[in-house]
Amino acid sequence: LVLVRRSVSRKAQELLLKADVVLMQHVKPHLMQRIARQTGGTIISSTDHVWNKFGLRVLGRCHRFRLVTFRDNEVWVDTKMEDFPGRAVKSIPLLLSEKSLPNHERQAALAAEKLGEDVLDGSQAVKMGLAKRGVALSYVLLEGCPKHLGCTVVLRGASTVALKQVKRVLRFLVNVAYNLKLETCYLRERCAFIPPTFQVQQKHLDSSSLCVDYGIPPSGRKIRPWNGSSQPETSISGEVTAFDH
């Protein structure tokens, strides 16, 4: 499996296909960094580095690589459009019942009906003609990497707007858990103890830290004090919180 940030020439694609090498083009840089970390691979800027400098050490490893295909349920539904008010959805039964439907739209509706709610193998979906643009979503799965190097969380079952909010909250919770782990280890090394007279305050805390509470900003302060910009951004809530940081 070869991941490339930009495009690859046609001749190189044919040679890789002949050698049974899977090629993925236009991979985002931050995704390549995460994949390199979890598989132990090396990101190189030229193929010459493989032979002249690094050798086979550039290769990463995982237990299994596969493609999976889902239907885009944000667009295609098996019920009537009246069940989804305010959303631009396509009802599969309604489209298939139209006799004057263009051929390409009918093929897309048939592919969406065939996909259904199941998860199909990506290569099989391509061979069956179901992995159509605007109908299906295909994902690359690299499985069997060391667990301590990271993982992937798949969020499904709601609209895109709701999933974006859940994703933002999940990222914050991951940072909170990691920060709590580091701060706890630091306090243990410093032999720090909570005073016997300490009492938990019955109020909403704006910090994920055990020791720091950003609290309410001074009167009239509507900016983050740590950005150091001459024209700092205005805080959404007006409060200096860890979430804004």
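Three strands make up an open sheet, in the order β6-β3-β7, with antiparallel pairing. β6 (120–121) and β7 (136–143) are the edge strands. Each has a single partner strand, so one side of each is left without a neighbour in the sheet. The model is a predicted one.

Strands of a sheet pair through backbone hydrogen bonds, either parallel or antiparallel. Take the β3 to β7 pairing. Arg 64 has Glu 143 as its bridge partner in β7. Further along, Leu 67 is bridged to Val 140 of β7. On the β6 side, 2 bridges join β3 to β6, and these strands too run antiparallel. There, Thr 69 stands opposite Leu 120 of β6.

What packs on this sheet? Helix α5 (residues 103–115) packs on the sheet, with contacts to β3, β6 and β7. The direction of α5 makes about 115 degrees with that of β3.

A pair of aromatic rings is described by the distance of the centres and the angle of the planes. The ring centres of Phe 70 and Tyr 139 are 5.7 Å apart, and their planes stand at 70 degrees. Planes over 60 degrees apart count as edge-to-face, so this pair is edge-to-face. Phe 70 belongs to strand β3 and Tyr 139 to strand β7, so the pair links distant parts of the chain, 69 residues apart. Are the two residues buried or exposed? Phe 70 is buried, with a relative accessible area of 14%. Tyr 139 counts as partly exposed, because its relative accessibility is 41%.

Now turn to helix α2 (residues 29–39). Which of its residues are buried? They are Met 32, Ala 36, Gln 38 and Thr 39. An α-helix has 3.6 residues a turn, so residues three or four places apart point the same way. The buried residues of α2 pack against β1 (2–3) and β7. Just after α2 comes Gly 40, which takes a positive phi of about 80 degrees.

Which elements supply at least two residues each of the lining? They are β1, α2 and α3 (48–54). α2 gives the most to this lining, with 5 residues.

Two loops hold backbone angles worth a look. Most residues other than glycine have a negative phi, and most peptide bonds are trans. Asp 20 is not a glycine, yet it has a positive phi of about 60 degrees. Asp 20 sits in the loop between α1 (10–18) and β2 (23–24). With 71% relative accessibility, Asp 20 counts as exposed. His 26 also has a positive phi, of about 60 degrees, although it is not a glycine. The loop between β2 and α2 is where His 26 is found. His 26 counts as exposed, because its relative accessibility is 58%, and exposed means over 50%.

Terms used: Residues are numbered from 1 along each chain as its sequence is written. This is a predicted model: local features need pLDDT of at least 70, side-chain atom pairs count only at pLDDT 80 or more; totals for chains, interfaces and linings use all residues. Side-chain values use heavy atoms; hydrogens and water are left out. Two strands pair if DSSP finds at least two bridges between them. Helices (H or I, at least four residues) and strands (E, at least two) are DSSP runs, numbered from the N terminus. Contact means heavy atoms within 4.5 Å. Axes are lines fitted to C-alpha atoms, for helices over the stretch in contact, and angles run from 0 to 180 degrees between N-to-C directions. Buried means under 20% relative accessible area, exposed over 50%, partly exposed in between (1.4 Å probe, protein chains only). Rings of Phe, Tyr and Trp (its six-membered ring) pair if their centres lie within 6.5 Å; planes under 30 degrees apart count as stacked, over 60 as edge-to-face and the rest as tilted.
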